[in-house]
Amino acid sequence: MRYGHFDDDAREYVITTPHTPYPWINYLGSERFFSLLSHQAGGYSFYRDAKMRRLTRYRYNNVPADAGGRYLYVHDEGDVWTPSWLPVKADLDHFEARHGLGYSRITGERRGLRVETTFFVPLGEDAEVQKVTVTNTSDAYKSVTLFSFVEFCLWNAQDDQTNYQRNLSIGEVEVEQDSPHGSAIYHRTEYRERRDHYAVFAVNARADGFDTDRDTFVGPYNSLGEAAVPRAGESAGSVASGWYPIGSHSVVVSLAPGESRELVYVLGYLENPDEEKWADDAHQVVNKTGAHALLGRFATAQQADDALAALQAHWTGLLSTYSVTSGDDKLDRMVNVWNQYQCMVTFNMSRSASYFETGIGRGMGFRDSNQDLLGFVHLIPERARERIVDIASTQFPDGSAYHQYQPLTKRGNNDIGSGFNDDPLWLIAGVAAYVKETGDFSILDEPVPFDNEPGSEVPLFEHLTRSFEFTVDNLGPHGLPLIGRADWNDCLNLNCFSTTPGESFQTTENQAGGAAESVFIAAQFVLYGEQYAELAERRGLDEAAARARSLVGQMREAVLTHGWDGRWFLRAYDYYGDPVGTDAHDEGKIWIEPQGFAVMAGIGVESGAAAQALDSVGELLATDHGMVLQYPAYTTYQIRLGEVSTYPPGYKENGGIFCHNNPWVIIGETMLGRGERAFDYYKRITPAYREDISDVHRLEPYVYAQMIAGKQAVRHGEAKNSWLTGTAAWNFVAVSQHLLGVRPDYDGLVVDPQIGPDVPRFTVTRAARGATYVIEVTNGGAPGARGRLVVDGVPMTGNLVPYAPAGATVHVQVTV
């Protein structure tokens, strides 16, 4: 069952009913100001950090779901409704929500009145713009009153939800009915003391009324759907003093049949230097110079239209870096638009703010952000460079790192701590991807501190060396890396032994004396250790490169000797030195992570172990909805394994389909020349191919989910945790660089398509280092077949197309 459709020409997903199985959202903003927006106008806005600079409130875990947003109420001769359906839930004669790239448009129609709102965050602005068009579609004159609504958060989102004894007494606003560009409400809570920032919510017309006190606007014991002021048809003029400050303007709109009126609402964030905070000597009136300038830039509907057009042109430019034309609409729309768009959102958000992450508990992940970089480095390489430096600056001198850092301060997060022993190696992955994409070796000389301590700066390459050496210095009895607190799988806690309800597996003190080892980190070391060696070699450090390759070779042998179970790779050795992920166990026999990553690293390819491992994946882990993380799932709590066994069978890390690691198997299959199987796996988890089962999948059919319930789950095929997941970056790597087979290397583009016979012809257009490559593939799809290349009419040996000068266009014909 579908609840909408793709509009590929407009690059939008069109939702045609408010009654989707779950709120389907979009992200607005790609610089400093961000908004989450559902198809029912739910969500919230923040500046840079969803915890520390939250502008508006949202209530997670609420009944009904999706409670809180930016709403527009319509009072039409006593009939009250909302064009977004929520919160009033009055029946609509027409509903449509269009999610586009950085903008959304929600349209509702009732009783001959159509209200269309376009939401977006303009480039270069710290504000959300809402352009409203009201049209009288009836044959009679209409006079209606519109009531806008936002509820201000008191900045720190965590404190806002907990510290009521203080917060219910500190709310402050200023009202400017005659602003230079309409009417404005200013959220100035705590501005009198330590804050230098405030928010503004304004409309580009002189409002007929206003409210800033939530209790007055909603009424005692009412829900937002029963709000008293819209039902009364007139604003109360309330001024918040403590309690719950809001922003609401009422505007009377009178329309002849067929007539329209446009309004522009702006929700903005402003900062003032300490010496310029006040407009008066008594320090009672906020200096609104910045706000007036902001509102002046969106004083007309034409200004809003121009800003939206600039945003759309920006995305057109970004997405021109990589595109495919294949004849498979689902493949094309995912590669050309939605997968890359999701990669950009994960770049901005990491795992911090979604409809499954509150924006309070998690900042930017060390591991997460390095992996996310793999999916967006081709789009914004200059910002990828900045991100790499930010990440590396949280590393410790021994090569380990904070697991997360806060985006506002860019400092490590002590609440999460460190000790995840896979973290250091991801830095090598991110830096190598950046250098391959850009050719910018100068980044390796960039001075970068440890733990953000001034004076500790060393060249970035030294950070990579510390990452490499951290693994070398932390090996267990089998010569495999020690797992520490956990590896990529945060829930595999082999040293924790937690028996206390509510205790965090990720932060509790680990039991000393064990030697738990990770086969996954071993495979990771082989793959990224080789990349470190190549970077060293290209810097002229031949001895360091030779040593690194020797250590990588030793690790490869350790995996084949101590990490092989006969039909697949082991997952780990536990605290006591017993294997995890072995056929000898009744549960948790085979785990997906080492199978995919070991084959990606080339381990066992020559001996046939790699093919055997992936055959076992197909036999035991693959389902119609993707590959489960391990099988069989655990049915009881395994104290020696930790959090992984706390989930019911088939969910999350306990036998769920963790989409993030499915691409590792997909890439592994392409390396073995088994493109048909790889493409089949790709389609099982890719949202556009799952659109017809949206009633089962439940989440957005345009972006990846982190998890799909596994074959032992009660609700097999149901997705959770959409948008913010490493699945986005890894699936783009899998499809763009391995299935379609065009990937950057240090000296050129590798062209090696492996997608099987389902896509007989396709053309990839790839911009790289200022040149454009048009790669036309004729694909027989035979197992193991590799492409023969003709570059600008000249047949060539191998699959590396050298980089051309900037401005050049290179034509490549590939026959597979």
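# Questions about a predicted model

In UniProt, an unreviewed entry lists residues 11-275 as "domain: Glycosyl hydrolase 94 supersandwich". The structure shown here is a predicted model.

User: What percentage of residues 11-275 is strand?

Analyst: Let's look at that stretch, which the UniProt record lists as a domain. Helix makes up 7% of the chain there, and the end C-alpha atoms lie 46 Å apart. The strand share is 47%.

User: Is Gly-242 buried or exposed?

Analyst: Start with the place: Gly-242 sits in the loop between helix H4 (228-232) and strand S18 (245-255). Buried means under 20% relative accessible area. Because the relative accessibility of Gly-242 is 3%, this residue counts as buried.

User: Which residues is Gly-242 in contact with, leaving aside its neighbours within four places in sequence?

Analyst: Good one to check in the structure! Contact here means heavy atoms within 4.5 Å. With those sequence neighbours set aside, the contacts of Gly-242 are Leu-168, Ser-169, Ile-170 and Gly-171.

User: How many of the residues of helix H8 are buried?

Analyst: Helix H8 covers residues 366-376 and is mostly covered. Among its buried residues are Phe-366, Arg-367 and Leu-373.

User: What is the bridge partner of Ile-657 in S33?

Analyst: S32 pairs with strand S33 (residues 705-708) in the antiparallel sense, over two bridges. In S33, the partner of Ile-657 is Ile-708.

Terms used:
Residues numbered from 1 in each chain as written. Predicted model: local features only at pLDDT ≥ 70, side-chain atom pairs only at ≥ 80, totals over all residues. Heavy atoms only, no water. UniProt positions renumbered as here; feature names shortened; annotations may be inferred. Helix = DSSP H or I, 4+ residues; strand = E, 2+ residues; numbered from the N terminus. Buried < 20%, exposed > 50% of the residue type's maximum accessible area, 1.4 Å probe, protein only. Pairing = 2+ DSSP bridges.
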